[in-house]
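User: I have a model open and want to go through a few local features. Can we start with a helix?

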Amino acid sequence: MHGDASRTPTVKVISFNIAHGMGMDGQVDLERTAQVIEASGATIVALQEVDRYFSARSFYMDQVEWLSERLGMYAAYGANLNQEPYDPERPNRQYGNATLSLYPIKYAENHFLTQVITDVYNNEQRGVLETVIEVDGTYLKVLNTHLALKDEELELSVAEILEIAGKSYFPKIITGDFNAPPTHRHLSHLHHIMTDVFLKTKRGDAYTYPSPYENPETGESFKPMTRIDYIFADHGFDVREVETIETAVSDHLPITAELVWTQKKVSTAILVPTVLPAKQKN
C-alpha cells in the first residue's frame with residue numbers, strides 16, 4: 001500500500017464480457033454496452049472480448065478508445081490476438097481484455113498464458129491484463145482475464161495468474177470470464193486464497209451465462225444457467241454489495257461488487273500449486 005493510511009479506499013468493480021458489443025439480438029451497438037456500464041456506477045471496469053480495429057464485425061473501431069472517451073475513464077488494453085490487417089493501411093487487428101478506471105492507472109502489463117494445443121477446442125491465445133490503480137493514495141492490483149474451456153489449460157492459467165498476483169504487496173482483485181463454474185476443481189485453490197465476492201454474500205446462484213432473451217422470430221428462450229464470471233478479492237476487502245445486472249446487450253451478464261479495503265493485516269504470500277512448465281515465449 002501507499003499514501004495516506006487514514007483513508008479507506010472504496011471501489012465498485014464491474015466484470016463484463018461484452019462480446020465486442022454484440023447483443024443477444026445479434027446487433028452490435030457499443031453505446032448499449034456503455035450505457036450498462038455507466039448505469040452500474042462502477043469505478044473500475046474489467047472487460048473481456050474487446051476489439052481494436054479487428055474486423056467489420058465491430059466496424060474496425062478502436063473499442064478501447066471509444067469506451068474510454070465515452071465513459072471518461074483511464075484505459076489499459078491487453079491484446080491476446082494481434083494479427084496483421086486485411087488492408088496494409090490499417091492498424092493491426094487486435095482482440096483481448098480492457099480495464100478502465102475513474103482512478104489513474106499507474107502501471108499496465110499484459111501477460112500471455114501458457115497454451116495447451118488440442119484438436120478439440122479453439123486454440124486461442126489467452127492472457128491476463130495486470131494493472132495497478134491508485135485509489136485515494138492506495139495502490140490496488142487488478143488482474144483481468146478470459147480463460148480457455150480446456151481443463152489442462154485452465155489449471156495452468158489459474159496457477160500462472162496466482163503467480164503474477166503474488167509478486168506484489170498491493171491489495172489484489174482478480175476478475176473476468178473463467179469459463180468454469182464455481183465447483184470446478186481447478187478453481188478450488190483460487191477460492192481458498194481469495195474471496196469469491198458472490199459466495200461471500202451467499203449469492204453463489206447468481207448465474208451469468210447465457211443472458212436472458214426471448215427471440216421474437218424463432219420463439220427461442222434463453223436464461224442464465226451457470227456462473228462463469230467472477231470477482232475475487234483479497235481477504236482484506238469488505239464486500240459491501242454485489243449484483244448481477246440483467247441485460248441482453250451481451251451473451252454474458254455483467255457482475256458488480258462494492259469493495260472497501262479495510263487495511264486488515266492479510267497474508268501477501270500466494271502459494272502456487274505444483275511446478276509450472278517452462279513459459280512459452282510471447
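User: Which residues of helix α1 are buried?
Analyst: In α1 (residues 30–40), the buried ones are Leu30, Thr33, Ala34, Val36, Ile37 and Ser40. Buried means under 20% relative accessible area, exposed over 50%, partly exposed in between (1.4 Å probe, protein chains only). Helices (H or I, at least four residues) and strands (E, at least two) are DSSP runs, numbered from the N terminus. This is a predicted model: local features need pLDDT of at least 70, side-chain atom pairs count only at pLDDT 80 or more, and totals for chains, interfaces and linings use all residues. Residues are numbered from 1 along each chain as its sequence is written, and side-chain values use heavy atoms, leaving out hydrogens and water.

User: What covers them?
Analyst: The cover includes β1 (10–17), β2 (44–52), α2 (63–71) and β14 (255–261).

User: And what sits just after α1?
Analyst: Gly41, with a positive phi of about 75°.

User: Switching to Pro212. Where is it?
Analyst: Pro212 lies in the loop between α5 (197–200) and β10 (213–214). It counts as partly exposed because its relative accessibility is 22%.

User: What does Pro212 contact, leaving aside neighbours within four places in sequence?
Analyst: Phe222, Lys223, Pro224, Glu246, Thr247, Ala248 and Leu253, with contact meaning heavy atoms within 4.5 Å.

User: Last one: is Val120 buried or exposed?
Analyst: Val120 counts as exposed, at 68% relative accessibility. Its place is the loop between β5 (105–112) and β6 (127–135).
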